[in-house]
Amino acid sequence: MVIPVEDAADPRLADYTRLRDVDLRKSLEGARGLFLAEGEKVIRRAVAAGHPVRSVLTTAKWLGHLADVIEGVTVYLVSDEVMEGVTGFQVHRGALASMERLTPPSVADVISGRGPRAVAGGTEPEGPGGTPRRIVVLEDLVDHGNVGAIFRCAAALGVDAVVLSPRCADPLYRRSVKVSMGAVFAIPYARMADWHDGLAEIRAEGFQLLALTPDRAAVPMDDVPLGDRVALMLGSEGDGLSSHWLHEADHPVRIPMSETAMDLGVDSLNVVAAAAIACHSLVR
């Protein structure tokens, strides 16, 4: 059902209000059990992953592109000016969808292969019986864009699952979903309930724990013999992994840097670049 709306303050558009207000959006989306998908590709991937559509906010230009997706869905049709008035910025991808969150799986379900499988292309995680063998564990990454970019790297390079510490940014926050290009729907993930003992649960499932660090005393990642199941740990944008998680690791590993660069004070990569290189090594 297509409903024209001419007022940005219309209460029916409340799901889409002030998308750049992070605190407001966290509160609103958590209370209503929703998240927003931006753009045709991301909306399609969210639908394919099984998320029900609450409503769609779009302009006349994009109605035809989304015809098969919006059948039977409430569609609020607005002008470009109203769209910008509601969201607070120009929506260049033309459409937003308010989607329902699914009940999140536990870490145990995801790392044992009992959780939801990747849906892009109808594939499942690698390993016997769909059991994940290569996973990424994120500790306290708070930047939504970085979390989304790491999901994209992990999915593209063949990592089987992602585990988040309790304080990690939400992968379903709009910017995370947008930066990931929908990859957050293509790889299973779960959030730890307990940061302090969270790694013990992963180790108990037979995972070798590798802690990525810029420490020059760490072993180059490509020199570490990889076990059958390996978890790569990545730390926060500024401080890296906590001392507790570094202590819990089986091996601290590093990405070798140019000696010339290090002499000039360039001794590390940003977390997304490091994640891409490390994930490539992880699945070698």
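This is a predicted model: local features need pLDDT of at least 70, side-chain atom pairs count only at pLDDT 80 or more; totals for chains, interfaces and linings use all residues.
Trainee: How do you know how many helices and strands the protein chain has?

Mentor: They are DSSP runs, numbered from the N terminus: helices are H or I with at least four residues, strands are E with at least two. On that basis the protein chain has 11 helices and 12 strands.

Trainee: What makes the radius of gyration agree with a compact globule?

Mentor: The radius is taken over C-alpha atoms, and the globule rule is 2.2 Å times the number of residues to the power 0.38. For 284 residues the rule gives a value near 19 Å; the protein chain has 20 Å, so the two agree. The C-alpha trace spans about 60 × 45 × 30 Å along its principal axes.

Trainee: Why is Gly206 called partly exposed?

Mentor: Buried means under 20% relative accessible area, exposed over 50%, and partly exposed in between, with a 1.4 Å probe and protein chains only. Gly206 has 47%, so it is partly exposed. Gly206 sits in the loop between helix H8 (198–204) and strand S9 (208–212). Across the whole protein chain, buried residues make up 49% of the 284.

Trainee: Why is strand S2 called largely enclosed?

Mentor: Five of the five residues of S2 (residues 34–38) are buried, so the rest of the structure largely encloses the strand. Both faces are covered: Leu34, Leu36 and Glu38 on one side, Phe35 and Ala37 on the other. In a regular strand the side chains alternate between the two faces of the sheet.

Trainee: How do you know that S2 pairs with S5?

Mentor: Two strands pair if DSSP finds at least two bridges between them. Five bridges join S2 to strand S5 (residues 95–100), and the strands run antiparallel. Ala37 has Ala97 as its bridge partner, and Leu36 stands opposite Ser98. S5 also pairs with strand S3 (residues 53–58), antiparallel over five bridges. There, Val53 stands opposite Met99.

Trainee: Is S5 buried or exposed?

Mentor: Five of its six residues are buried, so S5 is largely enclosed by the rest of the structure.

Trainee: What makes the buried residues of helix H2 lie on the same side?

Mentor: The buried residues of H2 (residues 40–48) are Val42, Ile43 and Ala46. They cover an arc of only 100° around the axis, so they fall on the same side of H2. The arc is that of the directions from the helix axis to the C-beta atoms. Lys41 and Ala48 are exposed on the face turned away from that side. The buried residues pack against S2, S5 and helix H7 (174–180).

Trainee: Why are S8 and S10 called edge strands?

Mentor: Seven strands form an open, parallel sheet in the order S8-S7-S6-S11-S9-S12-S10. Strand S8 (189–191) and strand S10 (219–220) each pair on one side only. Inside the order, three bridges join S9 to strand S12 (residues 251–254), running parallel. Ala211 stands opposite Pro252 there.

Trainee: How do you know the direction of helix H11 relative to S11?

Mentor: Axes are lines fitted to C-alpha atoms, for helices over the stretch in contact, and angles run from 0 to 180 degrees between N-to-C directions. H11 lies across S6, S9 and S11, at about 170° to S11.

Trainee: What makes a set of residues a nonpolar core?

Mentor: The members are buried Ala, Val, Leu, Ile, Met, Phe, Trp, Tyr and Cys residues, joined through side-chain atoms within 4.5 Å. The largest such core has 49 residues; among those touching the most other members are Val136, Phe185 and Leu232. Helix H11 (residues 271–282) gives the most to this core, with seven residues. A second, separate core of 19 residues includes Val137, Ala190, Leu209 and Leu241.

Trainee: Which residues is Leu232 in contact with?

Mentor: Contact means heavy atoms within 4.5 Å. Leaving aside neighbours within four places in sequence, the partners of Leu232 include Ile135, Leu210, Met221 and Cys279.

Definitions and conventions: Residues are numbered from 1 along each chain as its sequence is written. Side-chain values use heavy atoms; hydrogens and water are left out.
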